[in-house]
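Morning, everyone. Let me put the structure up, and then I'll walk you through it.

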Amino acid sequence: MIHSEENVSPIPQGQYIPASRFGDLIFTSGMTPRRKGILIQTGKVSSEEPLHIYKKAVRLAVSNALNAANNIINEDEKLNQILALNVYVNAQESFQAHSDLADFASEYLYEQLGQNGIGSRAAIGVASLPGNAPIEIQITAACTKY
């Protein structure tokens, strides 16, 4: 099992589960940068701010997604491959560096899973996110038995 930042199951903010599974495929819910249910950063992502101020939030959101995926697999399994990474950015209208921001999530997944942490990806600007979170991340992964 991958040991993410806290390796704690994310706390759902509504009536859903953090991850679901079909066969060897795992689909996470969208994860925001929450620690123990509390957002660590809020507000729209601005083109006027340096990107690095969002790095901690992006890494926490993707860590929450990875934890949700890891928490649904069996003891004799491991996450084998990230198939898809969706990064939703609560962006001001002028913001255009969605892919650069998503690179923080890809970097984290690469640190955790090596080349298997890199799958297809979408970086999408949205008008708002739950709780005014700056970022929301969802992953689709495949697991295999040891």
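**Core, sheet and helices**

Let's start with Leu101. Leu101 touches Val45, Leu51, Tyr54, Val58, Val89, Phe95 and Ile135, leaving out residues up to four places away in sequence. Contact here means heavy atoms within 4.5 Å.

Before going on, some ground rules. This is a predicted model, where local features need pLDDT of at least 70 and side-chain atom pairs count only at pLDDT 80 or more, while totals for chains, interfaces and linings use all residues. Residues are numbered from 1 along each chain as its sequence is written, and side-chain values use heavy atoms, with hydrogens and water left out.

Back to Leu101. Together with Ile137, Leu101 touches the most other members of the largest nonpolar core, which has 33 residues. A nonpolar core is a set of buried Ala, Val, Leu, Ile, Met, Phe, Trp, Tyr and Cys residues joined through side-chain atoms within 4.5 Å. Buried means under 20% relative accessible area, exposed means over 50%, and partly exposed is in between, with a 1.4 Å probe and protein chains only. Which elements give two or more residues to this core? Helix 1 (55-70), strand 5 (77-90), helix 2 (98-113) and strand 7 do. Helices (H or I, at least four residues) and strands (E, at least two) are DSSP runs, numbered from the N terminus.

Five strands form an open sheet in the order 1-2-7-5-6, with mixed pairing. Two strands pair if DSSP finds at least two bridges between them. Strand 1 (19-22) and strand 6 are at the edges with a single partner strand each, so one side of each has no neighbour in the sheet. From one strand to the next, the twist averages 20°. Axes are lines fitted to C-alpha atoms, for helices over the stretch in contact, and angles run from 0 to 180 degrees between N-to-C directions.

Next, helix 1. It packs on the sheet and touches strand 1, strand 2 (25-28), strand 5 and strand 7. The direction of helix 1 makes about 35° with that of strand 7. Of its 16 residues, 14 are buried, so helix 1 is largely enclosed by the rest of the structure.

Helix 2 lies across strand 5, strand 6 and strand 7. It runs at about 165° to strand 5.

In what sense do strand 5 and strand 6 pair? They are parallel, over seven bridges, with strand 6 covering residues 120-126. The chain goes from strand 5 through helix 2 to strand 6, and this β-α-β crossover is right-handed. That means the path from the first strand over the helix to the second runs clockwise, with the strands pointing away from the viewer. Leu85 has Arg121 as its bridge partner in strand 6. Ala84 stands opposite Ser120.

Ala84 also touches Thr140. Thr140 sits in strand 7 (residues 135-145). Is Thr140 buried or exposed? Its relative accessibility is 14%, so Thr140 counts as buried.

Last, two loop residues. Lys36 lies between strand 3 (34-35) and strand 4 (38-39). Its phi is near 55°, a positive value in a residue other than glycine. Lys36 is exposed, at 72% relative accessible area. Asn132 is in the loop between strand 6 and strand 7. Phi of Asn132 is near 65°, again positive in a non-glycine residue. Asn132 counts as partly exposed, at 39% relative accessibility.
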